Amino acid sequence: MPAPKKKPPAAAKAPVKIEDKLARLGLRSDMDLALHLPARYEDETQILSIAEAGMRGMQMVQVEAIVTLCDIQYRPRRQLVVTVADDSGQLVLRFLNFYGNQTKQLAAGTRVRVRGELRHGFFGAEMVHPTYKVVLEGAPLPDALTPVYPAGEGLSQSILRRAIASALKRIDWHDTLPAAALDTLKLTPFDSAVRLLHNPPPDVDEHALEERSHPAWIRMKFDELLAQQLSLKRAQEARRARNASALPNVGSLSAAFLAQLPFALTAAQQRVLDEIRTDLRASFPMQRLLQGDVGSGKTVVAALAAAQAIDSGFQAVLMAPTEILADQHFRKIAGWMEPLGISVAWLTGSLKKKEKTAATARIESGEARLIIGTHALIQDSVQFDKLGLVIVDEQHRFGVGQRLALRNKALDVTAADDAQTVPHQLMMSATPIPRTLAMTYYADLEVSVIDELPPGRTPVVTRAIDQIRRDEVIDRVHSAAQEGRQVYWVCPLIEESEALQLQTATDTHAMLVEALPDLRIGLVHGRLKQVEKQEVMDAFSRGEIHVLVATTVIEVGVDVPNASLMVIEHAERFGLSQLHQLRGRVGRGAAASACLLLYQSPLGGTAKQRLMTMRETSDGFEIARRDLEIRGPGEFLGARQSGEAMLRFADLATDQWLVEKARNLAQTLLKSEPAIVDAHLARWLGGREDFLKV
Ligand code: ADP
Ligand code: MG
């Protein structure tokens, strides 16, 4: 674009280009736009008289009337109040946000078409925040439903409609599916489905459109699911085609390790261990996700997998998302392994240069058999002697993009001395994913589930308490401490401001120090230096601190069995899985544990649902299921983070039957129709295939 000759005077910031705004919604190509389907439709094809509209109850209606009065009122708050009338009656429109020029636009005598929900208020029929259009008498009505597209910031419906209409003139309309498949599966052709959804004909079954059960929707969902299945299966094939070193020996280390454990494995731990052991014997890389609720004992299983690698003459790596957690693993696992003569190395980003050099030397020479640290382990180009297995703990804590990088990096690390082999991978996650989701999203991962907690755990009693009753909670903390128990007091993440977050934690700490002068109160937050964090955590582990005030840094895996009371401030601000993770920090010992969710009233609808769920169940899978219900699969899986939803149309809760069909067709196409597979993937994913894998 040529530079403008004269800059307009007030152009401080260049406006964001429409293409960029569209790109933020993942709309880059014409096909992306064509597949950006309406979220819903508005019916502007009918006009009701005000009297008729008044009898429709709370539903969207459209009336056409003449403005009789337009006025700004100041009570109970500033608002624009417009009275309109037709032959049948009159109606008041209220706008709480409005522009100055609206009073001119809506001057008495103007004819307007108004859409909104009509209700009967104290002053008669009214609509709050209706949409409206100034029209001339006899202006034609649209004869089809008007699509409403999912929009982003700064993108109006009219911009989207224009962009989509113009894209529809350019795209390649050919049907990627073979005619025979359309026939057997009774699917609508691609072009008619897309056209219908953008421009529904006047006689369309509106209900089916809304419910997304219309054949046009079914076709779109099917295509989307097919693309997903194809991409996952391709990734799976690619993995199976790679080589890994077989790790066949469950030998003396494994045996000695098991023998010295102070407990027996649960049946569930034994089962997933067997699954992992089988994978590790294969000469293509394992790619297994180990899911288990908080406290289900994943660490021991990971250590036993590592033992198999070591027994087979290879090195193993264990990575955790934070230093606190990595450190805890290091102490625990080194404590188990070193007495058995296994050298364990510790490697994180915060090591001093000298220590790091020493550690990397031990790793490179092969002296260190097990290496524990943060993901700095893979970021820095550490040379391994013979790396056979990479374990990633709390995999869900990494963002989607990070997870992808981690996974690709891990695959890039050359195992052993052969450039063609890659290490086996075990990912662990405490955020259980409902089975239906796991099957579709993680189709190229094997999934193991620990569905049982070690014996002797006492359930955590959970209560939601209005924060005005804080004094009672403080008393409770006091008596717990006097009984020799320890307490976590968690402050929420404040997204807008880290400084503010720090402030709340510091204030809470000061408040507790004052309220509980006879107790030792510690404070840990993200801004502390690593050593300082560690000191506080250690003191808490040793029982020298009664109450630990913490930001969400303690969310991941911290294991202090003597802590039996957890208070969560502003619990309404936390997500369900986060609350569940946090609560998992207590109930690890034999003592009865409790979790008190302090909330600020009034509670919003979903916040209330979340707190109720926490009170009602402690089963991570049930919580995940409800979370999915509350948030929908896209957000549930953190798709928002990547900016691109993974499944936009299909709903795994209601469309399972389509998943099966898509999976079957995917299998057939992959076998015999590679060109069709390519065309379909290009149309639906256009370079985003990777995001389906994490
Ligand atoms: P998570 O799955 O949340 O990572 P951990 O591996 O930290 O759980 O285990 C939680 C606690 O349970 C640890 O203290 C661990 O030593 C203990 N534990 C693990 N397996 C068993 C078992 N089979 N019997 C008794 N305690 C166990
Ligand atoms: Mg853990």
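**Charge pairs, helices and backbone exceptions**

User: Is Asp451 buried or exposed?
Analyst: Burial is judged by relative accessible area: under 20% is buried, over 50% exposed and in between partly exposed (1.4 Å probe, protein chains only). Asp451 has a relative accessibility of 54%, so it counts as exposed.

User: What kind of model is this?
Analyst: Residues are numbered from 1 along each chain as its sequence is written; chains are lettered from A and ligands numbered from 1 in the order in which they are written. Side-chain values use heavy atoms, with hydrogens and water left out; local features need pLDDT of at least 70, side-chain atom pairs count only at pLDDT 80 or more, totals for chains, interfaces and linings use all residues, and the model is predicted.

User: Which residue forms a salt bridge with Asp451?
Analyst: A salt bridge here is a side-chain nitrogen of Lys or Arg within 4 Å of a carboxyl oxygen of Asp or Glu. For this pair, the closest N and O atoms of Arg271 and Asp451 are 3.1 Å apart. The bridge ties together parts 180 residues apart in sequence, because Asp451 is in the loop between β16 (446-450) and β17 (460-466) and its partner is in helix α11 (residues 267-281).

User: Which residues are joined into one network by salt bridges that share partners?
Analyst: Side chains of opposite charge can pair when their charged atoms come close. Shared partners join these into one network: Glu64, Arg111, Arg113 and Glu137.

User: How far apart are the closest N and O atoms of Glu137 and Arg111?
Analyst: Glu137 is exposed, because its relative accessibility is 67%. The closest N and O atoms in its salt bridge with Arg111 are separated by 3.7 Å.

User: In which helix is the salt-bridge partner of Asp30?
Analyst: The side chains of Asp30 and Arg170 meet with an N to O distance of 2.8 Å. They are 140 residues apart, with Asp30 in helix α2 (residues 30-34) and Arg170 in helix α5.

User: How far apart are the end C-alpha atoms of helix α26?
Analyst: Helices are DSSP runs of H or I with at least four residues, strands are runs of E with at least two, and both are numbered from the N terminus. The expected span is 1.5 Å times one less than the number of residues. The 17 residues of α26 (residues 656-672) should therefore span 24 Å, which agrees with the end-to-end value of 25 Å.

User: How many of the 14 residues of α12 are buried?
Analyst: Helix α12 covers residues 298-311, and its end C-alpha atoms are 20 Å apart. This helix is largely enclosed by the rest of the structure, because its buried residues number 13.

User: Which residue is joined to Ser601 by a cis peptide bond?
Analyst: Most residues other than glycine have a negative phi, and most peptide bonds are trans. Here omega is about 0°, and the residue joined to Ser601 is Pro602.

User: What is the phi of His570?
Analyst: His570 sits in the loop between β21 (563-568) and α21 (576-583). At a relative accessible area of 17%, His570 is buried. Its phi is positive, in a residue other than glycine, and is near 50°.

User: What is the relative accessible area of Phe123?
Analyst: Phe123 lies in the loop between β6 (119-121) and β7 (124-128). Its C-alpha atom is 8.2 Å from that of Val92. Phe123 counts as exposed because its relative accessible area is 61%.
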